[in-house]
Amino acid sequence: NHASNNGGGLSAVRSEVWGTGNVFADNSAANYGGGMVLQESSGEISDCLFESNQALEGGGVFSYDGDPDFIGNEFVGNYATTTEEYAWGPGGGGGAMWMYGAGTVADNYMHENHSDYHAGGAYFYYGSVEFTGNTVAYNTNGEDGAGVYFSVSNSEINNNVFEGNAA
């Protein structure tokens, strides 16, 4: 699937989204969220696979101004293509995911994702995220924070594994 704007696989606006066991693979979006975009949305996405998705920002997932939880998902081979600092606000990238807002990101496996700018794994901008029990491994990027990049965030980071990420 390809979206000419946002959310190649799924797009939700002002919604409560609950999803388990879904596969988001080989999707793309010209702008945000190759696999999924959530705007002003909440809910929980668990035990899903985000594989080989591509977008300007948030190759796998792009979440804006919401508080969704991402629990026990696998993000592999997703790609954020931006090289612009101001692609969306002050910051761009997020091969696996890009989040603005709050939520819990726990027990996910983020590996072998890439961003041409910041955060081959996950990019968190503003908000408050609980980042716990994740494995972030072998992600790459062209600038800063190959594994995870926090910008203007008030986040809690506990019991994660960061291995083999390269900027």
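1. A quick definition to start: buried means under 20% relative accessible area, exposed means over 50%, and partly exposed is whatever falls in between (1.4 Å probe, protein chains only). By that rule tyrosine 32 is buried, with a relative accessible area of 14%.

2. Before going on, note that this is a predicted model, where local features need pLDDT of at least 70 and side-chain atom pairs count only at pLDDT 80 or more, while totals for chains, interfaces and linings use all residues. Residues are numbered from 1 along each chain as its sequence is written, and side-chain values use heavy atoms, with hydrogens and water left out.

3. Have a look at the open sheet: six strands, ordered E4-E8-E11-E15-E19-E23, with parallel pairing. (Strands are DSSP runs of E, at least two residues, and helices are runs of H or I, at least four residues, numbered from the N terminus; two strands pair if DSSP finds at least two bridges between them.) At the edges sit strand E4 (23-25) and strand E23 (161-163), each pairing on one side only.

4. Phenylalanine 24 has phenylalanine 50 in E8 as its bridge partner.

5. Now the aromatics, of which there are 15 pairs. Rings of Phe, Tyr and Trp (its six-membered ring) pair if their centres lie within 6.5 Å; planes under 30 degrees apart are stacked, over 60 edge-to-face, and the rest tilted. Tyrosine 32 and phenylalanine 62 are a stacked pair, 4.6 Å centre to centre with 20 degrees between the planes. Tyrosine 32 is in the loop between strand E5 (28-29) and strand E6 (36-39) and phenylalanine 62 in strand E10 (residues 61-71), so this pair ties together parts 30 residues apart in sequence. Phenylalanine 62 is buried, at 3% relative accessible area.

6. Another stacked pair is tyrosine 123 with tyrosine 149: 5.0 Å centre to centre, 25 degrees between the planes. Tyrosine 123 belongs to strand E17 and tyrosine 149 to strand E21, so parts 26 residues apart in sequence are tied together. Tyrosine 123 is buried, at 0% relative accessibility. One aromatic cluster includes Tyr32, Phe62, Tyr123 and Tyr149, and also Tyr126.

7. Most residues other than glycine have a negative phi. Tyrosine 126, though not a glycine, has a positive phi of about 55 degrees; this residue is in the loop between strand E17 (122-125) and strand E18 (129-132) and is partly exposed, at 37%. Valine 152 also has a positive phi, near 50 degrees, and is exposed, at 52%.
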